[in-house]
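Here are a few exercises on aromatic rings. Grab the structure and work through them step by step.

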Amino acid sequence: MAAETSAAVLSNPSVSTSRRRHPRSAAKGTLPLESGFPAPESCLPGCLVIAAGCYVPRTNTKQLGGVWERGRDPSQLRPTSVGVHGRHAMDAESGETPLLFHQHNPNQVQVSSSSNKPFNWKAPAIILAFEFLESIAYAGIALNLIVYLGTVLHGTTASNAATVDTWNGTTFLTPVLGAFLADTYWGKYKTVGISIIFYLTGMLIITASTIIPSLQPAVCEGTSCPPATGFQYFVLFAALYLISVGTGGVKSALLPLGADQYDDSDVEQSKQKQAFFSWFFMAINIGVFFSGTVVVWVQQNVAWSLGFAISSVCLIVATVAFLLGTPIYRVHLPTGSPLKSLVAVFVASFKKRKVEVPADTTILFEGDDANLTTAGQNKLAHTAGFRCLDKAAVVVGEQEIKDSNLGRPWLLCTVTQVEEVKILVRMLPIWLTSVFYAASMCQTATTFIQQGMAMDTKIGSFSVPAASMNSASVIFMMIWVVFQDSIVIPIARRYTGNVAGLTQLQRMGVGRFLAVPALAAAALVEMWRLRSVRDGHNLSIAWQVPQFMIIACSDVFCGIAQLEFFYSEAPTSMRSLCSAFSFLAMSLGYYLNSMIISAIAVLSKSKGGQGWLPANLNDGHLDYYFWLWTGIGAVNFVVYTAFAKNYTVKKVGPRA
């Protein structure tokens, strides 16, 4: 009986055992013992001794509803919840199968049982619908905020642009915090759920601020426009930054949650996941299109309160749909803080800075594949470069292996841990160029709108809100997506031999390049507009179409590829955090743009005059500002190309 149950447990692939065995064998009739585990005589009477330690029969476990932990005396035995190992070790027929006490490794992660649910297409469909409605809600605030600050709160041109950039920067910074909480403590599903509470609260407050008269300044009388009071600004900013917190958690966790619904080991689902990224991107932009046409028009032509109310209702509907989908989601438990593993690599490599890395890198410490399986992680293949970090995986003594297996990796890390750090180091310069690219793109939310407001917004008998030009950008995105899939990709596939046509890095490069002519077009239009004003007439807002068309093409190439890149290249335990890198880049891009606008507003007045960005753009030089960003974009593209050419893509290694 003992031999049979020993074989049954050892045949279970979920039971993690070390590859390094103690040289001596145990007593006759038992399996070899591992170094550091109790001798047969130290186990309880009736327990079975195998390689991983003491086992106990399943007797009485039903009363306590758990798995017995290994111990040396009865006082040390206590039940714990049935986990992956205990569940597989049970033999339902005999009821006497011993249960393994799993020596917990803090570096391991338990994968939630709900991650094993069968694929249900409704789960990603609900997530896409949520993103569409959430995009309407967010864009209903963000697209027209600069107009609201100017026409309702009576702010100045430069201060309004800086306020919007600062808020947008904060909004795209909070996903980093949300991603950390999702990966470490809450998990993706719970992070979205908690964030929605903040999100809804902010939306309801800002809607209320447009309804209650005391929360708005008095309307203008002629040229006299009383500014908003401190309390009125406080209520508005409280609402805006609650929205920032809420949307940060949603943005960081929703996309990875959607991607988690697909199983990479299934070829068909893997293809569907690639399509999911494109649909997610389109859901965002279709929501922006609806908001930029319908919601923005309602705000400026009917009532701001009704426009904000539409956004609030969309978020409420999205929340209800998301919660209704709870039973069908594949949900993974949080993996624990990835920071410990990252810091451990730097600590171990520093402590071994005088150790030589062997020429044969196959002898570097690989760890136990079973640990990775339990953690739901991939084993990464060793790559060249950053050899100083490889020192963390050089084995100096047996004690290092024991400490590493027990969750103390401060002297020895696995190759996979080292490669995860290398991935982040390689991604860093690519990410930095994303910051400058995002700063270029955020002109569509500030200076492009201000430029449009200074133009003739009449097209025929219809008045076009300046913020609605972003909706034209969405139409062009849809056209460019079809053009890319039907023409660009097939041609690229023929010349490159790559099934995807263009790699993620190549598509990101095309997007960065196209940002340059987009800003140059904006500068040329502004030069023409100023000339027209001097000649006594104004330029039609329709002339903004070329710059929005090119910026849309740029976003199609770079936006989708960037989402895929930061998710696919990320270590498994950091996918939410790395997915948030795109949002962090946008955040810093807005902050960068805000700093540059503020600096330009001051420096351009240093020699007298009204500067580049006065309250009346007809007296300034917004074209100079666009030319400045054209140059910054060109330099950024050159820098990105240099780093992208030398980037080493993540390689998943074979299981031993």
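**Exercise 1.** Is Trp612 buried, partly exposed or exposed?

*Solution.* A quick note before starting: this is a predicted model, where local features need pLDDT of at least 70, side-chain atom pairs count only at pLDDT 80 or more, and totals for chains, interfaces and linings use all residues. Residues are numbered from 1 along each chain as its sequence is written, and side-chain values use heavy atoms, with hydrogens and water left out. Now the cut-offs: buried is under 20% relative accessible area, exposed is over 50%, and partly exposed is in between (1.4 Å probe, protein chains only). Trp612 comes out at 24%, so call it partly exposed.

**Exercise 2.** Classify the ring pair Phe130 and Phe322, and say where each residue sits.

*Solution.* Rings of Phe, Tyr and Trp (its six-membered ring) pair if their centres lie within 6.5 Å; planes under 30 degrees apart are stacked, over 60 edge-to-face, the rest tilted. There are 26 aromatic pairs in the structure. In this one, the centres are 5.4 Å apart with 55 degrees between the planes, making it tilted. Phe130 belongs to helix α4 (residues 122-142) and Phe322 to helix α11 (residues 304-324), so the pair ties together parts 192 residues apart in sequence. (Helices are DSSP runs of H or I, at least four residues, numbered from the N terminus.) Phe130 is buried at 1% relative accessibility, and Phe322 is buried at 0%.

**Exercise 3.** Which kind of pair do Trp612 and Tyr624 form?

*Solution.* Their planes meet at 75 degrees and the ring centres are 5.4 Å apart, so it's edge-to-face. Tyr624 is partly exposed, at 38%.

Terms used: Helix = DSSP H or I, 4+ residues; strand = E, 2+ residues; numbered from the N terminus.
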